[in-house]
Amino acid sequence: MAYLNPVRHISFDAHDPYALALFWSELTGYAVTDEDAPGDDEVLIESGQPGVPGLLFLRVPDTKTVKNRVHLDIQPPSGTRDQEVKRLLGLGARIVDDRRTEDGMGWAVMADPEGNEFCVERGAVERGLV
């Protein structure tokens, strides 16, 4: 029997689900589903790979006020961590806490345009994985 990942979606609260989905689509390379549009209360982006959870953005009225209790760790599949941080800053992310070290180790804690934190770790190339 094949393994079925029990995690179907990872959900994010959002004031503007479509705009936040576009940001994360650029970050991950996941595609916004065809049936989603600006103004929708729920927007899903998917990897297109079986068993990989999608990211679901849900409209909520409240504003984020505290640090996330769960976050995603991003490992760039190509390029370096620092190149990815620069790219994400250009997409509207911001650095919350810079944990990069002079020896090339560490990570950057960033926030998406609505303040959801995530970490950018060293890339797959830097780790010798590709």
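# Pockets, aromatic pairs and selected residues

Strand E5 gives the most to the lining of the second largest pocket, with three residues. The model is predicted. The largest pocket holds about 440 Å³ of space, and the volume of the second largest pocket is about 350 Å³. Five aromatic pairs are found in a search of the whole structure.

**Second largest pocket**

- The lining of the second largest pocket is made up of 16 residues, and Leu27, Thr28, Tyr30, Ile74 and Gln75 are the closest to its centre.
- Two or more lining residues come from each of helix H1 (17-28), strand E5 (72-74) and helix H2 (81-91).
- By residue type, the lining of the second largest pocket has 10 nonpolar, three polar and three charged residues.

**Largest pocket**

- A set of 23 residues lines the largest pocket, and those that lie nearest its centre are Phe12, Asp13, Lys64, Asn68 and Asn116.
- Strand E1 (9-14) and strand E8 (117-120) each contribute at least two residues to the lining of the largest pocket.
- E1 supplies the largest share of the lining of the largest pocket, with five residues.
- Nine nonpolar, seven polar and seven charged residues make up the lining of the largest pocket.

**Asparagine 68, at the largest pocket**

- Asparagine 68 is among the residues nearest the centre of the largest pocket, and is located in the loop between strand E4 (54-59) and E5.
- The relative accessible area of asparagine 68 is 17%, which is under 20%, so asparagine 68 counts as buried.
- At 3.5 Å, the side chain of asparagine 68 reaches the backbone oxygen of valine 70.
- With neighbours within four places in sequence left aside, the contacts of asparagine 68 are Gly115, Asn116 and Glu117.
- Of these contacts, Asn116 is also listed among the residues nearest the centre of the largest pocket.

**Aromatic pairs**

- The structure has five aromatic pairs, one of them the stacked pair of phenylalanine 12 and phenylalanine 57, with 5.0 Å centre to centre and 25° between the planes.
- This pair links distant parts of the chain, as phenylalanine 12 in strand E1 and phenylalanine 57 in strand E4 are 45 residues apart.
- Phenylalanine 12 and phenylalanine 57 are both buried.
- Phenylalanine 23 and phenylalanine 118 form a tilted pair, with 6.4 Å centre to centre and 55° between the planes.
- That pair also links distant parts of the chain, with phenylalanine 23 in helix H1 and phenylalanine 118 in strand E8, 95 residues apart.
- Phenylalanine 23 and phenylalanine 118 are both buried.
- Phe12, Phe23, Trp24, Phe57 and Phe118 are linked into a cluster by ring pairs.

**Serine 25, in helix H1**

- Helix H1 contains serine 25.
- Serine 25 has a relative accessible area of 16% and is therefore buried, the limit being under 20%.
- Beyond its neighbours within four places in sequence, serine 25 is in contact with Tyr30, Ala31, Val32 and Ile45.
- One of these contacts, Tyr30, is among the residues closest to the centre of the second largest pocket.

**The loop between E6 and E7**

- Aspartate 103 is placed in the loop between strand E6 (94-98) and strand E7 (108-111).
- Aspartate 103 is exposed because its relative accessible area, 61%, is over 50%.
- The side chains of aspartate 103 and threonine 101 are joined by a polar contact of 2.4 Å.
- The side chain of aspartate 103 also reaches the backbone nitrogen of methionine 105, at 3.1 Å.
- Between aspartate 103 and glutamine 83 there are 20 residues of separation in sequence and 16 Å in space, C-alpha to C-alpha.
- Tryptophan 107 is also in the loop between E6 and E7.
- Tryptophan 107 is partly exposed, with a relative accessible area of 35%.
- Leaving out neighbours within four places in sequence, tryptophan 107 has contacts with Arg81, Asp97, Asp98, Arg99, Arg100, Cys119, Val120 and Glu121.
- Tryptophan 107 and proline 17 are 90 residues apart along the chain, and their C-alpha atoms are separated by 27 Å.

Note on methods
Residues numbered from 1 in each chain as written. Predicted model: local features only at pLDDT ≥ 70, side-chain atom pairs only at ≥ 80, totals over all residues. Heavy atoms only, no water. 1 Å grid on protein atoms, 1.4 Å probe; cavity = no way out; pocket = protein on both sides within 12 Å on 5 of 7 lines; lining within 4 Å. Points joined across faces, edges and corners; volume = space filled by probe spheres on them. Helix = DSSP H or I, 4+ residues; strand = E, 2+ residues; numbered from the N terminus. Nonpolar A, V, L, I, M, F, W, Y, C, P; charged D, E, K, R; others polar. Buried < 20%, exposed > 50% of the residue type's maximum accessible area, 1.4 Å probe, protein only. Polar contact = N/O pair within 3.5 Å; in protein donor to acceptor, adjacent residues only side chain to side chain. Contact = heavy atoms within 4.5 Å. Phe/Tyr/Trp six-rings, centres within 6.5 Å; stacked < 30°, edge-to-face > 60°.
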